[in-house]
Amino acid sequence: MTGPRLAGKVALITGATGGIGAATAKLFAHEGARLVVTDLHHDRLTALTKEIAEETGAEIVSSCLDVSSARQWDEVITTVRDRFGTLDILVNIAGILDWPGIEDTREDRWNRVIDVNQKGTWLGMKAAMPLLRATGNASVINTSSVLGLVGSGAAAAYQASKGAVRLLTKTAAVEYARQGVRINSLHPGVIATPMIQDLLNEQGDRQPDIARTPMRRAGHADEIAAAVLFLAGDESSFITGTELVVDGGLTAY
């Protein structure tokens with residue numbers, strides 16, 4: 001395949017100012033996508049939008065978004081429709097992490113994690129689907145985790161939400177398989193991003209998930225962005241309802 005892999009396509013990325021989100025937005029821009037980037041943080045969004053536009057010349061707009069709000073999702077989709085008139089790619093990256101187990105998880109934290117990670121993914125697909133279906137060749141990438149595949153003995157709310165994202169993705173993939181929308185889940189392992197940097201700093205190479213990772217290192221945001229690009233583009237045209245695991249072998253045991 002020659003030329004930019006996403007030339008002319010319009011992509012909406014949530015959680016765009018985080019490590020994986022920013023790496024994905026930058027890679028998509030270099031590959032010719034027109035972008036709508038969203039997050040909760042206005043200042044970070046403004047800086048990211050300016051950086052990408054100056055580096056790549058990509059057409060890019062930003063919008064603040066709490067993914068747990070149906071009203072805000074509708075506003076973002078209106079922005080997409082008004083600016084571009086179409087949507088080819090939805091990347092649901094926005095998420096939050098909470099480490100406590102069953103007994104130590106507070107109800108308010110449980111509700112917030114489920115609202116963002118699980119409900120937010122559903123709301124995104126619900127709001128964006130009319131535009132996605134209209135293209136006849138759209139792709140949705142929902143970010144789960146290796147902790148949506150295997151247990152850890154901790155992070156009860158996070159694991160519950162990411163497991164739900166995995167099966168939500170599968171049922172949506174079946175529902176829209178004949179309507180021109182492919183839907184897959186992405187399952188990163190230990191990735192050196194701000195979300196877990198404190199944990200990595202505290203325990204260094206002794207961090208148990210790195211010790212259990214056959215490659216014996218954390219992954220990088222750029223490595224996850226490359227996997228998102230594959231699922232977003234036409235090279236994955238016969239892939240839907242599956243999990244793409246990018247974890248250095250962590251779940252291979």
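Colleague: Before we start, which pLDDT do local features need here?
Modeller: Residues are numbered from 1 along each chain as its sequence is written, and side-chain values use heavy atoms, with hydrogens and water left out. This is a predicted model in which totals for chains, interfaces and linings use all residues, side-chain atom pairs count only at pLDDT 80 or more, and local features need pLDDT of at least 70.

Colleague: How many residues are in the second, separate core?
Modeller: In soluble globular proteins, nonpolar side chains tend to be buried together. Here a second, separate core includes Val10, Val76, Ile77 and Ala138, and its size is 29 residues.

Colleague: What does Leu35 touch, beyond residues up to four places away in sequence?
Modeller: Contact means heavy atoms within 4.5 Å. Leu35 is among the residues with the most contacts inside the largest core. Not counting residues up to four places away in sequence, Leu35 touches Ala11, Ile13, Ala25, Phe28, Ala29, Ile52, Glu59, Ile60, Val61 and Phe84.

Colleague: Let's turn to H1. Which elements do its buried residues pack against?
Modeller: H1 has 12 residues and reaches 17 Å from its first C-alpha to its last, close to the 16 Å expected at 1.5 Å a residue; the expected span is 1.5 Å times one less than the number of residues. Its buried residues are Ile20, Gly21, Ala22, Ala23, Thr24, Ala25, Phe28 and Ala29. Just after H1, Gly32 takes a positive phi of about 95°. The buried residues of H1 pack against E1, E2, H2, E4, strand E6 (181-188) and H8.

Colleague: Is Ser139 buried or exposed?
Modeller: Ser139 lies in strand E5 (residues 138-143). Leaving aside neighbours within four places in sequence, Ser139 is in contact with Asp88, Ile89, Leu90, Arg182, Leu231 and Ala232. Buried means under 20% relative accessible area, exposed over 50%, partly exposed in between (1.4 Å probe, protein chains only). At 1% relative accessibility, Ser139 counts as buried.

Colleague: And Ala134: buried or exposed?
Modeller: Ala134 is found in helix H4 (residues 107-135). Ala134 and Glu175 are 41 residues apart in sequence and 15 Å apart in space, C-alpha to C-alpha. Because its relative accessible area is 66%, Ala134 is exposed.

Colleague: How many salt bridges are there?
Modeller: Side chains of opposite charge can pair when their charged atoms come close. A salt bridge is a side-chain nitrogen of Lys or Arg within 4 Å of a carboxyl oxygen of Asp or Glu. By this rule the count comes to 11.

Colleague: How many residues apart in sequence are the parts tied together by Glu235 and Arg5?
Modeller: Glu235 forms a salt bridge with Arg5, with the closest N and O atoms 2.6 Å apart. Glu235 lies in the loop between H8 and strand E7 (243-246) and Arg5 in the segment before E1, so the pair ties together parts whose separation in sequence is 230 residues. 

Colleague: Which helices hold Lys26 and Glu51?
Modeller: Lys26 and Glu51 form a salt bridge, the closest N and O atoms being 3.1 Å apart. At 26% relative accessibility Lys26 counts as partly exposed, and at 29% Glu51 counts as partly exposed too. The pair ties together parts 25 residues apart in sequence, because Lys26 lies in helix H1 and Glu51 in helix H2.

Colleague: Last one: where do Glu75 and Arg71 lie?
Modeller: Their side chains meet in a salt bridge (2.7 Å, N to O). At 44% relative accessibility Glu75 counts as partly exposed, whereas Arg71, at 52%, counts as exposed. The two are 4 residues apart, about one turn of the helix, and both lie in helix H3 (residues 70-83).

Note on methods. Core = buried A, V, L, I, M, F, W, Y, C linked by side-chain atoms within 4.5 Å.
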